[in-house]
Amino acid sequence: MIDDTVESIVTDTLQWPHRIVVPMGGTAVDASEFELKPEGRLTVTVVRANDLKNLEMIGKSDPYVVVHIRPRFKVKTKTIDNNLSPVWNETFELIAEDRETQGLTVEVFDKDIGQDQRLGIAKVRLSELEPEKPKEVNLRLLASLDTLKVKDKKDRGTCTIKLLYHLFSKEEQLVALEEEKRILEARKEMKEAGVIESTADAVDASASGSSTATGGSGIMGSVGRELSKAGKFMGRTITGHSKRIE
């Protein structure tokens, strides 16, 4: 758990290139053109999992899925009780800063009293995705992405997801950059309000206030409204969006 926490902090700070623009010569210039900007949007549909590992002594695990590109922008599905082959069909949209170096991390957890336990983890490199071309992936879940640490070699099941990568135009890049900043501010407000323990916590649909089922949507509290507002992009939510697929 400590390794995962440290890795998340370091990864979000150092994994993709950061650039500091320093004007020279004392002349005021617009440096925004030189800032690194988000490259695209990844639409992720968490479809189902099959044959998950059961960690319960009585009954079965209560799984949910956490997905993220950057650890500071984690979102999660609802929890399905007592089911080792659950179906979610929930869709999220995440911002990608660098398709060549970043990947989508998929984690399946067992909801438990106290500390939730991870059932398995997998990763998909964004460089494997062709823009505007849908792709369905059946991921084999591992105990850890670091195979040298894996002692338990037992099968942990699979997780099926659907992916669609959209490459931003210059105008979309600027909007997405501002929305990222607003989402981070909204997460700080959620932490201060006690909705989440850390700004790196996964946010579910009810907390974000942007869960959409067939026929309507709901807003859950003022903090949720702020996060939902921060996540809006071209009429849809970038991070924290969840949509039921019938």
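Colleague: Leaving aside its neighbours within four places in sequence, which residues is Leu-163 in contact with?

Modeller: First, some ground rules. This is a predicted model, where local features need pLDDT of at least 70 and side-chain atom pairs count only at pLDDT 80 or more, while totals for chains, interfaces and linings use all residues. Residues are numbered from 1 along each chain as its sequence is written, and side-chain values use heavy atoms, with hydrogens and water left out. Contact means heavy atoms within 4.5 Å. With those sequence neighbours set aside, Leu-163 touches Leu-42, Thr-43, Val-44, Leu-104, Val-124, Leu-129, Lys-133, Pro-134, Lys-135 and Val-137.

Colleague: Which residues touch the most other members of the largest nonpolar core?

Modeller: A nonpolar core is a set of buried Ala, Val, Leu, Ile, Met, Phe, Trp, Tyr and Cys residues joined through side-chain atoms within 4.5 Å. Buried means under 20% relative accessible area, exposed over 50%, and partly exposed in between, using a 1.4 Å probe and protein chains only. Of the 30 residues in this core, the ones touching the most other members are Leu-42, Val-46, Val-67, Leu-104, Val-106, Ile-161 and Leu-163. Strands suppling at least two core residues each include E1 (40-50), E4 (87-96) and E8 (158-167); strands are DSSP runs of E with at least two residues, and helices are runs of H or I with at least four, numbered from the N terminus.

Colleague: How many aromatic pairs does the structure hold?

Modeller: Rings of Phe, Tyr and Trp (its six-membered ring) pair if their centres lie within 6.5 Å; planes under 30 degrees apart count as stacked, over 60 as edge-to-face, and the rest as tilted. Here there is one aromatic pair. The ring centres of Tyr-64 and Phe-109 are 5.6 Å apart with planes at 20°, so the pair is stacked.

Colleague: Where does Glu-132 lie?

Modeller: Glu-132 is in the loop between E6 and E7, and its phi is near 65°, a positive value in a residue other than glycine.
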